[in-house]
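Here is a short report for a first look. Please keep the sequence and the 3D view open while reading.

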Amino acid sequence: MRIALFGGTFDPIHSGHVRAAKAAARKLRLDRILFVPSGHPPHKVKGRLTPFSHRYAMVALACTEDPRFVASLLESPTPDGRPHYSVDTVRTAKRLLERGDELFFLIGVDAFRDLPQWKDHRRLLDSVSFIVVSRPGFALAEIARTIPPDLVRKLPGRIPPNTLRMRHTSLQVLQDVDIAIASRNIRDAIRAGRRVTGLVPPLVEQYILKEGLYRPAASGRKE
């Protein structure tokens, strides 16, 4: 099977996430996409995230839209509150694969460009193939600047379009996907009393309304 990890805070998961995942599954023949909400992301201030139970529930509801989507607990909170790092998540996921399975890491272009700030980013690039969801104005050559030159492998012969071969893995750029939505804007809209119909999957919108998420009274919630 061809399996992709799609991580994030998903606070909340929105329609752009779903469109990106569907495009990746269609164009790159993915059999499963594991949506991995982070329990304790290292780049977020603790207490400013919606509790993991809500974020996971919204991801699970969004995953009902496509049989290839699976809500994953790979980065569920730990008792000691230690942060989750993608390089460790990939290592754990690889131990769960069956013989012959292929693992990919699905990521947006802006997050990918921040990769040098991630823990052990060289080892991460060496251990899993990346699918980068791009946006207008970002060609493969510009995206590739994030990768240390010594990890790039120059091979003779033809290479598929928007693909870069690395030492042990590859990078594929997924272009022309409309994901011009940000979770932050959705939270702001709800706090302002505006509807978010169409910006999040229908079941996620219902859940947000039912649980009263992102309203001013909910802003003090802690994990």
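## A first residue

Is Phe 10 buried or exposed? Phe 10 counts as buried, because its relative accessibility is 3%. Here buried means under 20% relative accessible area, exposed means over 50%, and partly exposed lies in between (1.4 Å probe, protein chains only).

This is a predicted model, in which local features need pLDDT of at least 70, side-chain atom pairs count only at pLDDT 80 or more, and totals for chains, interfaces and linings use all residues. Residues are numbered from 1 along each chain as its sequence is written, and side-chain values use heavy atoms, with hydrogens and water left out.

## Aromatic pairs

The whole structure holds eight aromatic pairs. Rings of Phe, Tyr and Trp (its six-membered ring) pair if their centres lie within 6.5 Å; planes under 30 degrees apart count as stacked, over 60 as edge-to-face and the rest as tilted. One of the pairs joins Phe 6 and Phe 10. Their ring centres are 5.7 Å apart and their planes meet at 90°, so this pair is edge-to-face. Phe 6 is buried as well, at 8% relative accessible area. Phe 6 and Phe 10 also belong to one aromatic cluster with Phe 35 and Phe 69.

Phe 52 and Tyr 56 make a stacked pair, with 6.0 Å from centre to centre and 25° between the planes. Both sit in helix α2 (residues 52-62), and because they are four residues apart, about one helical turn separates them. Helices (H or I, at least four residues) and strands (E, at least two) are DSSP runs, numbered from the N terminus. Phe 52 is buried at 10%, whereas Tyr 56 is partly exposed at 23%.

## Backbone exceptions

Most residues other than glycine have a negative phi, and most peptide bonds are trans. The bond from Asp 11 to Pro 12 is cis, with omega near 0°. Pro 12 lies in the loop between β1 (2-8) and α1 (15-27).

Two residues other than glycine show a positive phi. For Arg 29, phi is near 55°. Arg 29 lies in the loop between α1 and β2 (32-37) and is exposed, at 57%. For Asp 120, phi is near 50°. The loop between α4 (109-113) and α5 (121-127) holds Asp 120, which is partly exposed at 35%.

## Pro 202

Pro 202 is part of helix α8 (residues 202-211). Its relative accessibility of 53% makes Pro 202 exposed. Val 36 is 166 residues away along the chain, and the C-alpha atoms of Pro 202 and Val 36 are 20 Å apart.
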